[in-house]
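Have the sequence and the model open alongside.

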Amino acid sequence: MTHTHRHNALLGKPVADDILHTVHAGVAELAARGWPTKLVSITIGDVAAVNLYVRNQARGAGRAGIQFEERNLPENVSRIEMLGILQALNTDPRVTGIIIQRPVPKHLNIKELQTTIHPLKDVEGMHPASIGNIVYRDVALAPCTAAASVELLKRTGLTLEGLNAVVIGHSEIVGKPIAFLLLAEGATVTVCHHMTRNLAIHSRAADAVFIAVGKPRFMTADMIKPGAAVIDIGINQVEVNGAMITVGDVDYDPCADVAGWITPVPGGVGPVTVSILMRNALTAARTQAEHYAAEFGGTGRLVGIAPAG
């Protein structure tokens, strides 16, 4: 069962296509200068949920002309081994971006792994330095889901300066970065979470609502100001008539009757997230090319490594 998209649905695919088209041109231009863009994706253990993400990323990379290498590591890979693998990728000039698929096994600390990746190769925008840069309005490598959510809001044509935005959910990789990205655009931002009192009072006053709480159909129509933009970042599996379907954190149909714009789940934020990852990959590759050029002179060609064909 999939819901029919409303006229006010903010669909991810056209936005993603647009971004990938631009990235493809940039990647080709960089490759012509001897700088291929290459991502390495690391999956630890056998995680069924991750396979879909990796497939989507590989497909996005293919469309953007970016090399994509998948590495599957055993569940029991040690911390020291993991850190060694990441350090080796950091120093390999042929690798321009590193992705760690979540979740990782319990014995590994995702924050430590994320922090081990060199900030210039942090295409997921998860390194504390990348997150910190957002506070300084340097949003070049922002976390992909957060950047995708804000990108969709921009596509409504609403003026972000002075816009009242409410972010529901304050996770490190979605809620908080969205708030900082919106602040950088001049919006007025309220961040709500499970300890917020009278949540609906905040959300009903907002011109734009972002929700990422992981609760199926949590947001109801009476929580939205008529005409507001609703960006749904939730991905939840629920059972309907014995079949599992994917729904967001928003009760879509009733909310779509009230909202001016609304992102469907699936088909909203998801496709845009992959395209932002590819945009980050290009940004990272460009920055590395400039660094090498500054350090070694010349054209920004890799020293000692023949350009990849």
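Five strands form an open sheet in the order β5-β4-β6-β7-β10, with parallel pairing. Pairing requires at least two DSSP bridges between two strands. Strands (E, at least two residues) and helices (H or I, at least four) are DSSP runs, numbered from the N terminus. β5 (188–192) and β10 (261–262) are the edge strands, each pairing on one side only.

The model is predicted: local features need pLDDT of at least 70, side-chain atom pairs count only at pLDDT 80 or more, and totals for chains, interfaces and linings use all residues. Numbering starts from 1 along each chain as its sequence is written, and side-chain values use heavy atoms, without hydrogens and water.

Strands β6 (residues 208–211) and β7 (residues 229–232) run parallel, joined by four bridges. Phe210 stands opposite Ile231 in β7.

The largest pocket holds about 1,500 Å³ of space. A pocket is an open set of points on a 1 Å grid over the protein atoms alone, where a 1.4 Å probe fits, with protein on both sides within 12 Å along at least five of seven lines; lining residues have an atom within 4 Å of a point. The volume is the space filled by probe spheres set on the points, which are joined across faces, edges and corners. Of 46 lining residues, Tyr53, Thr145, Ile235, Gly270 and Thr273 are the closest to the centre of the largest pocket. α2 gives the most to this lining, eight residues.

| Class in the lining of the largest pocket | Residues |
|---|---|
| Nonpolar (Ala, Val, Leu, Ile, Met, Phe, Trp, Tyr, Cys, Pro) | 23 residues |
| Polar (the others, Gly among them) | 15 residues |

Helix α7 (residues 175–184) lies across β4 (164–168), β5 and β6, running at about 170 degrees to β4. Contact means heavy atoms within 4.5 Å; axes are lines fitted to C-alpha atoms, for helices over the stretch in contact, with angles from 0 to 180 degrees between N-to-C directions.
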